[in-house]
Amino acid sequence: MAYSDKVIDHYENPRNVGSFDKGDESVGTGMVGAPACGDGMTLQIKVGPDGRIEDARFKTYGCGSAIASSSLVTEWVKGRTLDEATTIKNTQIAQELSLPPVKIHCSILAEDAIKAAVEDYKKKHGLAGTAQEAKKVA
Amino acid sequence: MKLPIYLDYSATTPVDPRVAQKMIPYLTEFFGNPASRSHAFGWKAEEGVEEARAHVAALINADPKEIVWTSGATEGNNLAIKGAAQFYKTKGKHLITQKTEHKAVLDTFRELERQGFEATYLEVEPNGLVDIAKFKAAIRPDTILASIMMVNNEIGVIQPVWEIADICKEKGIVFHCDAVQAAGRVEIDMNKLRADLLTITAHKMYGPKGIGALYVRRKPRVRLEAQIHGGGHERGFRSGTLPTHQIVGFGEAARLAKLEMGVDNARVRVLRDRLWKSIQGMEEVYLNGDLERRIPHNLNVSFNFVEGESLIMAVKDIAVSSGSACTSASLEPSYVLRALGRNDELAHSSVRITIGRFTTQEEVDYAADLIKRKVEKLRELSPLWEMYKDGVDLNSVQWAAH
């Protein structure tokens, strides 16, 4: 299948690859996907004292679109507050990367990865009871 | 060396230039309809068709009268399986095949089930081969037809079809063999292989696309119900004007295959083994399918912790195929690899490399080096690889569903 130039760029020069120490108090880790279905994504955010995401890292097992989606969101979350980060929608990711319909799930995975990382950070800091948590309970 | 390098010979092969040369006059000069009996244009075309029929028959040591032209392997498999099942349906309604057959066989079986037949889909062993005892055990008093491929298209293993044909002969079961990946690569002698029906196609053996042949045994005679009706060509088995140039190309491809198979196979084996030796040294690399009972052209390898589609994208300078059909919305890993008992992760991580007549050592070395570099790069990106390296049991990892 043909990939867009942006997907190829992120795929060939992925941004912010790597991992932070999971135990670090300033780090939130999101792990989403299902390797048995061909994708698995870990996204980590490092939150500064001002409550803004100062850095991010990812690792992805999956197709080129999944790798590009996660690489892209590591760039997008930087400088945002936690609440701002969770407003990133999969449709924005899909649009930015011109993902074809069969690859929309890659952008959904990246959106979920952000939410999971934010959730993990909040949990560490006793900030539970967010909308996301409420949804899960429901 | 020209990029990209073609390493997908099991998908299709280039037409050998000698074959193309032979075909051209039949498009412009000898363009007659081989069914035209009233003039020299028809006679000339018919001569070309019959010469080709003799070459194709000779490749599998059959009688030219046992060769029926088809549009290709899918049609050949449909004609053989539906044609025999429908003809012999008063004798019984049970059919046997196995799970790693090509879709042209599996889907034909599904259709026959919808028509009221009953089918058994045999499991294969972890090396990809059908177990003879299990085949025997699947036979019922009302079994009328069995279909087992000679060479698997994804993993290249050679099934014990010679033994299975003997068993079917003893039991009076019609035996069909899909030999599409085998013809020109494995020696086929219809005096030794007691199959009743055998499918081959030109474009896997350096001939053109759009032409195949079905072998239909005459002694003892196998009967088929035609699937395409019309002018009664091919002794009523398959109506439709014969594509003379395609047939002539197929004939020439078969003639060359018979002449050169030995040399080709020996050369290809050296290259395949060289490629495998080069990538085998990497960590967590798995060969899919038996290495010994396998055509020398095929290498199907899973690179654990690397997803197949991303690897195909990374090695775009070489044309290979992925066992993972991730491009479809279904995200289904290869059903062939699943049938071997490979877990989903390994099935998603597979790459099929198939080489052939025009592959060079330089190309194989380039491919090996590229694959090794890209697998390493993708593993650096892979959270699964990191966990594996950290000694984490991947089965214990909790992934948030999405």
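Is B:F305 buried or exposed? B:F305 is buried, because 26 other C-beta atoms lie within 10 Å. The cut-offs are these: a residue is buried with 20 or more other C-beta atoms within 10 Å of its own, exposed with 12 or fewer, and partly exposed in between, the C-beta atoms being placed from the backbone.

Before going on, some housekeeping. This is a predicted model, in which local features need pLDDT of at least 70 and side-chain atom pairs count only at pLDDT 80 or more, while totals for chains, interfaces and linings use all residues. Residues are numbered from 1 along each chain as its sequence is written, and chains are lettered from A and ligands numbered from 1 in the order in which they are written.

Back to B:F305. Its place is the loop between β10 (298-303) and α9 of chain B. Helices here are DSSP runs of H or I with at least four residues, strands are runs of E with at least two, and both are numbered from the N terminus. The phi of B:F305 is near 75°, a positive value in a residue other than glycine. As background, most residues other than glycine have a negative phi, and most peptide bonds are trans.

Chain A has a case of positive phi as well: A:N16, a residue other than glycine, has phi near 55°. A:N16 sits in the loop between α1 (5-12) and β1 of chain A. A:N16 counts as partly exposed because 18 other C-beta atoms lie within 10 Å.

Now the cis peptide bonds. One joins B:L3 and B:P4, with omega about -5°. B:P4 belongs to the segment before β1 (5-6) of chain B. Another runs from B:K219 to B:P220, with omega near -5°, and B:P220 is in the loop between β8 (212-216) and α8 (244-280) of chain B.

Next, the sheet in chain A. It is open, with 3 strands in the order β1-β2-β3 and antiparallel pairing; two strands pair if DSSP finds at least two bridges between them. The edge strands are β1 (27-34) and β3 (53-61), each pairing on one side only. Neighbouring strands are turned by 10° against each other on average, direction ignored. For such angles, axes are lines fitted to C-alpha atoms, for helices over the stretch in contact, and values run from 0 to 180 degrees between N-to-C directions.

Strand β2 (residues 39-47) of chain A is joined to β3(A) by 8 bridges, and the two run antiparallel. Within that pair, A:T42 stands opposite A:K59. Helix α2 (residues 64-77) of chain A packs on the sheet and touches β2 and β3, its direction making about 175° with that of β3(A). Helix α5 (residues 104-124) of chain A also packs on the sheet, touching β1 and β2, at about 140° to the direction of β1(A). Contact here means that the C-beta atoms of two residues, placed from the backbone, lie within 7 Å.

What about the two chains together? The contact takes 27 residues from chain A and 23 residues from chain B. On the chain B side, α9 (308-314), α11 (344-348), α12 (361-381) and α13 (383-389) each supply at least two residues.

Last, B:N152, in the loop between β5 (143-147) and α7 (161-171) of chain B. B:N152 counts as buried because it has 31 C-beta neighbours inside 10 Å. Leaving aside neighbours within four places in sequence, its contacts include B:T100, B:Q181 and B:V336.
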